[in-house]
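Subject: The structure we talked about

Hi,

Here is the structure I promised to pass on to you. Please have a look at it first, and then read my notes alongside.

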Amino acid sequence: MALDITNSLNTFKVTGVLNKTNVKKFQIYFQDIFSTTNELVINIDELKSIDREGVSAFENIYKQSLKAHKPFFITGIGSKEIFDDITTIDAA
């Protein structure tokens with residue numbers, strides 16, 4: 001299944017699979033996101049699976065949000081697990 005990213009009212013919905021074969025697309029899409037928005041909300045309700053590289057991509061966005069002093073939210077099923085993982089990695 002392909003990765004699809006849509007934006008509706010500044011909530012970005014990620015659909016499909018986020019893995020090492022398409023993580024670059026995800027990273028490019030969100031590369032300069034904090035220069036154009038005051039906060040970032042990513043909904044992962046339709047994300048079917050994510051591998052370690054995908055979680056790492058979320059970690060990079062989280063680090064960008066900290067540097068930019070802008071809020072970053074992950075919503076949807078599994079969001080707590082991803083957020084707990086990326087904040088644990090960052091704190092280590």
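Below is what I found, starting with the whole chain and then going residue by residue.

One thing to keep in mind throughout is that this is a predicted model.

**The chain as a whole**

The protein chain has three helices and five strands. Read from the N terminus, their order is β-β-α-β-β-α-β-α. The C-alpha trace spans about 35 × 30 × 25 Å along its principal axes. For 92 residues, a compact globule would have a radius of gyration near 12 Å, and the protein chain agrees with that at 12 Å.

Contacts between residues 24 or more positions apart make up 65% of those in the protein chain with a separation of 6 or more. Of the 92 residues, 36% are buried. The accessible surface comes to about 5,400 Å², and carbon and sulfur atoms account for 53% of it. As for charge, there are 10 positive and 12 negative side chains, and the centres of these two sets lie 4 Å apart.

**The core**

What does the largest nonpolar core look like, and which residues have the most contacts inside it? This core has 23 residues, and those with the most contacts within it are Phe26, Phe30, Leu40, Ile42, Phe58 and Phe72. The elements that contribute two or more residues are β2 (11–18), α1 (23–29), β3 (40–43), α2 (52–68), β5 and α3. The largest share, five residues, comes from α2.

Setting aside neighbours within four places in sequence, Phe72 is in contact with Phe34, Leu40, Ile42, Phe58, Ile61, Tyr62, Ser65, Phe83 and Ile86.

**Some loop residues**

Ile33 sits in the loop between α1 and β3. Is Ile33 buried or exposed? Its relative accessibility is 8%, so Ile33 counts as buried, the cut-off being under 20%. Not counting residues up to four places away in sequence, Ile33 touches Phe12 and Leu40. Leu40 is also one of the residues with the most contacts inside the core. Glu59 is 26 residues from Ile33 along the chain, and their C-alpha atoms are separated by 14 Å.

His69 lies in the loop between α2 and β5. With a relative accessible area of 71%, His69 is exposed, because exposed means over 50%. The backbone deserves a look here too: His69 has a positive phi of about 55°, although it is not a glycine.

Asn10 also has a positive phi without being a glycine, in this case about 65°. You will find Asn10 in the loop between β1 (4–8) and β2.

Gly78 belongs to the loop between β5 (72–75) and α3 (79–91). At 27% relative accessibility, Gly78 counts as partly exposed, because that value falls between the 20% and 50% limits. Leu47 is 31 residues away from Gly78 in sequence, while the C-alpha atoms of the two are 9.1 Å apart in space.

Best wishes

Definitions and conventions:
Residues are numbered from 1 along each chain as its sequence is written. This is a predicted model: local features need pLDDT of at least 70, side-chain atom pairs count only at pLDDT 80 or more; totals for chains, interfaces and linings use all residues. Side-chain values use heavy atoms; hydrogens and water are left out. Helices (H or I, at least four residues) and strands (E, at least two) are DSSP runs, numbered from the N terminus. Buried means under 20% relative accessible area, exposed over 50%, partly exposed in between (1.4 Å probe, protein chains only). The radius of gyration is taken over C-alpha atoms; the globule rule is 2.2 Å times the number of residues to the power 0.38. Contact means heavy atoms within 4.5 Å. Accessible areas come from the Shrake-Rupley method with a 1.4 Å probe; for residues, only the protein chains shown count as cover. Lys and Arg count as positive and Asp and Glu as negative; His and the chain ends are not counted. The place of a charge is taken as NZ of Lys, CZ of Arg, CG of Asp or CD of Glu. A nonpolar core is a set of buried Ala, Val, Leu, Ile, Met, Phe, Trp, Tyr and Cys residues joined through side-chain atoms within 4.5 Å.
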